[in-house]
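Work through the exercises below with the structure in view. Try each task before you read its solution.

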Amino acid sequence: MWYEIFKFELKYRLQEPANYLFFLFLFCFAMFGVEFIFQGVELGLVKKNAPLVIAKTMAAITGLSMLIVSMLMGFSILRDFQYETVSLLYANPIPKSDFFFGRFLGSFVGLLFIFSGVLLGMMLGEHLPWIAPSEYLSFQLWNYVQAFIWVGLPILFFGAALFFVTGALTKNRMVVYTQGIVLFVLFLLTKAISNETLQAIFDPFSLTTLSLLSKDWSVVERNNLLIPYSGVMLLNKLFWISLGILVLAIGYRQFKMEPISEKGAKRKIKVSSIFKTPNATFFQTAQPMTLAFGWHATIVQLAFNTWFHAQAILKQTSFWAIAFCGLLIIIINSVNLGTAHGVDSYPTSYLIVEELQEMSIYFFIIILVFYTAEIMWKERTVGLHYIYDACPTNSLINLLGKFLGLLLIYIVLILTLIASGVLFQLLQGYYHFELLVYFGGFFLEIFPYLVLYTMLAIFFQALLQAKYLAVLAILIFFVLNLAMGLLGVEHLLLNFGGKALAPYSEMNGYGHFLIPFLWTKLYWFCFGLLCLVFAAIVNGGGLAQSLKKRWQQGIKELGKPVKIFSGFTFALFIAIGTYLFYNVNILNEYWTTRDKLTYRLAYETSLKKYESLPQPKITDVKLTVALFPSQRAYEIQGHYRLKNTSQIVITEIHLQKRIATHIKLDEVQFDRNVLPDRRFEKFHYTIYQLQEPLLPEDTMRLSFKQSYPPLGFENDNTDTDILYNGTFFDNDQLPSFGYERKYELKAAAERESFGLAPRASLALRTNPAALLQSRAGSDATGINLEMLISTEAPQRAISSGVLIKEWSDEERNYFHYKTEQKIIHFYSIVSAEYEQLTARHLPKGNAITDSVELTIDYHQSHDYNVDRMLQAMKNSLDYYSSNFSPYPYQQLRIMEFPRYRKFAQSFPNAIPYSESLGFILNIKATDKVDMVAFIVAHEVAHQWWGIQLEAAMVQGRKMILESLAQYSAMMVLQEYYGVAQVQQFLEMQAENYLEGKRRQVETELPLALVGNEEHIYYARGAIQLYALQESIGAAKVNVALQNFLHEWQSFNNPNQPERYATTQDLINHFRAVTPDSLQTVITDLFEKVVDD
Amino acid sequence: MEKLILTKVSKTYGNGIAALTNISLKIPCGVFGLLGPNGAGKSTLMRILATLQEPDGGTIQLGEINALTQKLALRKRLGYLPQQFGVYPKISLETLMHHLAILKGLAKRKERQARIDFLLQRVNLYEVRQQSLASFSGGMKQRFGIAQALLNEPKLLIVDEPTAGLDPVERNRFFNLLSEVGERSIVILSTHIVADIQALCAGMAILYQGRVLVQGNPLALMEKLKGQLYEKKIKKAEREQYHLNYQVIHERLFLGEPIIRVLSAEHPRNGFVPVAANLADSYLAQINQA
């Protein structure tokens, strides 16, 4: 008997077209599974079809597809109730066990057929024509099959058992939808378990299990070992399989083959089973009434419909179950707020909003997709549609009511999220609630997407007239729309919904990003309205007919007002579209990624020949900068003094204007006659033939006017240099000389696709040309800088040098900066509305006359840590000036800039410091590393390492610049903040290093030869230099550094060598202070890679 | 008073089955019965009248309104109780009534409330108006169905097989209500039960295999059979023979023995006795002759 039921179930499944769609979906998803699951993860040397990678991908896909499992298994028994076949079926003499297990097995085998799509899709994935063979091992069938059986199958079994049982016992459709999400929440909850082993055992998708068991695997092991049948994996699988069996057993016991649930039958009904005897005739007692169908009635209908649909959803337990699960996920994920190096930030509103946003979008998509399906099929599901269809209501009004009802639901959820966010802040003792930021974050950034996708979901439901097909369609559309960018369709007129809004910055708000964002949303909103109208037209008519008939009938029924409305909307859609096109393509230049790449390619192939052409060096820079932040514009008058430092007569000047739209370079004038050659105008590259050549050691002048008046908006509004509040750019903005390597194609894969060799890695320490450069294509060896900056009041403009004068005039503030000694050719221009903290400090190692003025310019509400920062500046200056060399400038400034960029950077006596990087860190606990102080100390250290002493463009350069800054900052930490903090910091560095090492693609080089690997020059650098200090003593290390500086510093150095410093020079100084017995330590620390 | 006039209404389904062929009817105010066996096309016709389906040909006119092109106008005057319908779980009777009332154009709150209260009292559901419809019995659900159909004081009320699932007492009350409505509106009732028509309808039509066999007053229909109907009690073994020799329109069992009614222009003798025709006989005679 059970076999009959099994067979019938399987046959039923094979007939259901939706199952093939699910298969297809999983198959396609799995084909790109590895790319999708591992996006943004550096696999390094681990291959994309390594058993571990396959297993993780399968586990993740299965986990993400739990919704499919729940739909397939959950409806297995529920189906009989839906189609009302229960009474027929249950009246037969089928033993319960045969029925229950027959059904289960039939459904489960059907499920396995569908999920074999994952197996097959992944196998096909590695044979796709465009994959890079170097990223894959040779194909091994068993790697896939083993992962499917040992990792995927048990997950599916547990899911199948659980969903089958809950579906059978609750007999509630929404429970079936919801339970997939519940399991997902369960998964996230396991992440909160602090014991690693327990977490690995209880992870239903065994993702943490796989991570834990492979934690100590080497690359070779990762590429070769199959997933073991022992240890945590065995425990995990045993646990979940037994739990699955247990669930089935309980389900079997509880399940009754009864057509009516007792719960329903027990419900008490107040019965008045017959009509009252009429005591008067019908119409005599009836009240007078009017039927209205005008505007007022329409509005009442719309409002009431909206509320009716919304409250119907709000009354569902399942809705609150989803909402609760969603909140739980979001809140669990929000616990770690904006941490930097293990330190929590203050729970500022925008951080909370961002955390909430991150998870909630997925959760909203689920709600959106399912509830749209539910609401669109509402009348038909229960069988009320004939009654509705016979009502004299416009079908557009009905549809709009449903649409608005859904929006109301989103609003309820959003308000709940906002309330929980505020509650979270309250519990953290943070009382600066910015409700506007909350509203902006949700109602500007998320809500419009929900609106648009709801419109689209309604459209698909109406068009396809098949509930689950439409659900699938909208999900596929969602993915396709994301993928469109990758396929080269990037224009905001074609990318449904437009692009995301830039993050909110407390300094700059939404800045200039908001206006184009709103226009784009409006454009798509019109499109969505048209979708809705279309949906209303083809959704009417009740009985299923061909699309053409429904269309004709719908048009007839909706009549003129709808035609006028859609005509108007269409006109608006076209008008806004035209406006967007005008902005993006006419006022600005529209570049696809492909265009950009080919441009870079052309730049390199046309101009590379000039790379080593001798060009004069800038020795003096005089700028008059006028900033107009409210228009995001500037005008710069520039004067350069140039000197021929080479041995060769210079006859042409190659002037490279910054490549960007709307930047204009005019009035280029030399102090002699020139013949411009504009062959390379396409690359903003002009060659000026000097009528009178520039002899070696000779100087000349150049003046120019550069202006930037941006117009309209671009497709990718990504410029964060010039802002309403918080402008920050450096001399990169200004004209330079000769070929610029920065315009080359960078990524190896891109270069390869155009047939270019990878960019040369750093030169060897013996390369004579590279030793003469301190940065790529440097235009100067050292400059005098004088700058007059003006900006709109009340902003302050800040640069390097001494502020010799400041004044205001006609709503503008003027600042005159001048350096008193040569600085490296690296300066920034910053402008924002600031609060200012100033202090005077005499660094311990400075002469008594050389006190320093310290300034911190910060955004008004970001005063949490400024005192701490000031103290850190003082401490750093004290330590460095007394241990390395006196601080050479009279001022040291920190300026905050908006959080679009997340770093701090040292320029001569000026340190721009990102809003996100410490101004809001919550440093209360004394047992944690004071990261604010550390970052300040690190940047101040660069005033020595990088700004006074430059390193040659050879291997190991970053050790001199960054590792020494790390070491210096650690010494400040040790001196003023305690050894415990240093120890903790070292632990973090050790972790970072291992993490980086795991992702590293190339074989590791010793620290002294480091290239661009952060985990080596930051993390390992800190560790090794600290170890040196422990081994030979800080005093000796500092003496070595002092000598190193003395020998190699770029300025005030009468015996400055001809070239720049290398790690060889640094290590020589270390060796000079190290006793013979410890020389090997230096070799081990800096010149060897210890494989551990 | 407006009349509902159907002219040559036809409908063929996609699979080639002709559901309705050239239906022409003139229906005045009052309760009009549409009688026919299962599958005769009653529900299709009712759905077409309720503007839910489009016929392939023919016209339907309610007074000035062309029901096929002015659907919205017709719907404003329409009340419809489908043969089968479900209800939302968790929504109270009153909420659903408000919802439907608004859809039907009862935009003014006070009037709507009064109308709903009135109707619910009339169908005796007022006491349970706060309860969820899911908990209702079949009869209660049907009463909700008629109450919602009457919300807008329809000029045309269409009730499709409404008596299924009602017990005899309930059916009686239900008919009283319909008959009252019929005093002012056109009420079209479809059924396969002759007694329903007999109880209620002044006018009727018999629908069989998509065609109207006959229409008119039930009494006139019965009159047609006057003096042509004979009855005889026979043995089971003789059944086949009688069916061959006579036009048997009806056979029923009485104490286990068949009694047959035959149609005959003159007295068949042979133990037959003449009987008076009832509506069922007319109906069966029509169907037999078709």
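This is a predicted model: local features need pLDDT of at least 70, side-chain atom pairs count only at pLDDT 80 or more, and totals for chains, interfaces and linings use all residues. Residues are numbered from 1 along each chain as its sequence is written, while chains are lettered from A and ligands numbered from 1 in the order in which they are written.

**Exercise 1. Describe the overall build of chain A**.

Step 1. Take the secondary structure. Chain A holds 37 helices and 18 strands. Both are DSSP runs, numbered from the N terminus: helices are H or I with at least four residues, strands E with at least two.

Step 2. Take the extent. The C-alpha trace of chain A spans about 115 × 70 × 55 Å along its principal axes.

Step 3. Check burial. In chain A, 44% of the 1092 residues are buried (20 or more other C-beta atoms within 10 Å of the residue's own, with C-beta atoms placed from the backbone).

**Exercise 2. Find the largest nonpolar core**.

Step 1. A nonpolar core is a set of buried Ala, Val, Leu, Ile, Met, Phe, Trp, Tyr and Cys residues joined through C-beta atoms within 7 Å.

Step 2. Locate the core. The largest one has 225 residues. Those with the most contacts inside it include M58(A), I458(A) and L178(B).

Step 3. Zoom in. M58(A) touches V118(A), M122(A), A147(A), F148(A), V151(A) and G152(A), leaving aside residues up to four places away in sequence. Contact requires C-beta atoms, placed from the backbone, within 7 Å.

**Exercise 3. Which residues of α4(B) are buried**?

Step 1. Place the helix. Helix α4 of chain B covers residues 109–122. Its 14 residues reach 20 Å from first C-alpha to last, close to the 20 Å expected at 1.5 Å a residue. The expected span is 1.5 Å times one less than the number of residues.

Step 2. List them. R112(B), R115(B), I116(B), L119(B), L120(B) and R122(B) are buried.

Step 3. Look down the axis. The buried residues of α4(B) fall within an arc of 155°, so they line one face of the helix. The arc is that of the directions from the helix axis to the C-beta atoms.

Step 4. Look past the end. N124(B) follows α4(B) and has a positive phi, near 60°.

Definitions and conventions. A residue is buried if 20 or more other C-beta atoms lie within 10 Å of its own, exposed if 12 or fewer, and partly exposed in between; C-beta atoms are placed from the backbone. Two residues are in contact if their C-beta atoms, placed from the backbone, lie within 7 Å.
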